Amino acid sequence: MLSIIISSYQKQYYDNLIINIAETIGDNFVYEIIQIWNPSLMSICKAYNMGAAKSKYENLLFLHEDLIFHTQNWGENLLSHLHHVNTGIIG
C-alpha cells in the first residue's frame with residue numbers, strides 16, 4: 001500500500017500523471033493519490049508535509065507532476081525494495 005503525494009500547479013500535467021500511474025503501477029495495487037494544489041503558495045517541502053499528514057499508508061512517494069512512469073508494475077517493485085532490511089528511503 002502506497003500514498004502518492006503530488007505538489008501540483010498544472011492541471012494538464014497532473015491529469016496525465018494520474019492516468020499514467022493507473023496504467024503502470026500494477027493491477028490490484030493498493031494506493032491513494034494526495035494532490036496538494038500549490039500554485040506558488042508554499043514551498044514544495046511544506047506541500048509534501050501537508051500531503052504526508054493526510055496520508056493513510058505507511059509508505060510515502062513524493063512526486064513532481066511532470067513525470068511519466070515507463071516501467072510496468074513499478075508499485076510492487078518499489079515496495080519490495082522498501083522492505084529490504086536497513087532500507088528506509090529510496091531516492
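This short talk walks through one protein model, from its overall layout to a few individual residues.

Let me begin with the whole chain, and please keep in mind throughout that this is a predicted model. The secondary structure comes to three helices and three strands, and from the N terminus on these elements run β-α-β-α-β-α. The radius of gyration is 13 Å, close to the 12 Å that the globule rule gives for 91 residues, so the protein is as compact as a globular protein of that length. If you follow the C-alpha trace along its principal axes, it spans about 35 × 25 × 20 Å. Of the 91 residues, 37% count as buried, and among the contacts with a separation of 6 or more, 68% are accounted for by residues 24 or more positions apart.

Let me turn now to the strands. β1, which covers residues 2–8, and β3, which covers 59–64, pair in the parallel sense over six bridges, and within this pairing Ser-3 stands opposite Leu-60 in β3. β3 itself has two faces: Asn-59, Leu-61 and Leu-63 make up the covered one, while Leu-60, Phe-62 and His-64 make up the uncovered one.

Next comes helix α3, residues 74–82, in which Trp-74, Gly-75, Leu-78, Leu-79 and Leu-82 are buried. Seen down the axis of α3, these buried residues fall within an arc of 135 degrees, so they line one face of the helix. What do the buried residues of α3 pack against? Their partners are β1, β3 and also α1, the helix at residues 11–24.

The largest nonpolar core has 15 residues, of which Leu-2, Ile-4, Ile-21, Leu-61, Leu-63 and Trp-74 touch the most other members. β1, α1, β3 and α3 each supply at least two residues of this core, and the largest share, four residues, comes from α3. Apart from this core lies another, of five residues, among them Ile-5, Ile-34, Ile-36 and Ala-47.

With residues up to four places away in sequence left out, Glu-65 touches Ile-6, Ser-7, Ser-8, Tyr-9, Gln-10, Tyr-13, Tyr-14 and Leu-17. Among these, Ser-8 is 57 residues apart from Glu-65 along the chain, yet their C-alpha atoms are separated by 6.1 Å, and the two side chains make a polar contact at 2.5 Å.

The second residue is Thr-24, which is found in helix α1 and, at 4% relative accessibility, also counts as buried. A polar atom of the Thr-24 side chain lies 2.8 Å from the backbone oxygen of Asn-20.

How values were computed: Residues numbered from 1 in each chain as written. Predicted model: local features only at pLDDT ≥ 70, side-chain atom pairs only at ≥ 80, totals over all residues. Heavy atoms only, no water. Buried < 20%, exposed > 50% of the residue type's maximum accessible area, 1.4 Å probe, protein only. Arc of directions from axis to C-beta. Contact = heavy atoms within 4.5 Å. Pairing = 2+ DSSP bridges. Polar contact = N/O pair within 3.5 Å; in protein donor to acceptor, adjacent residues only side chain to side chain. Core = buried A, V, L, I, M, F, W, Y, C linked by side-chain atoms within 4.5 Å. Rg over C-alpha atoms; globule rule 2.2 N^0.38 Å.
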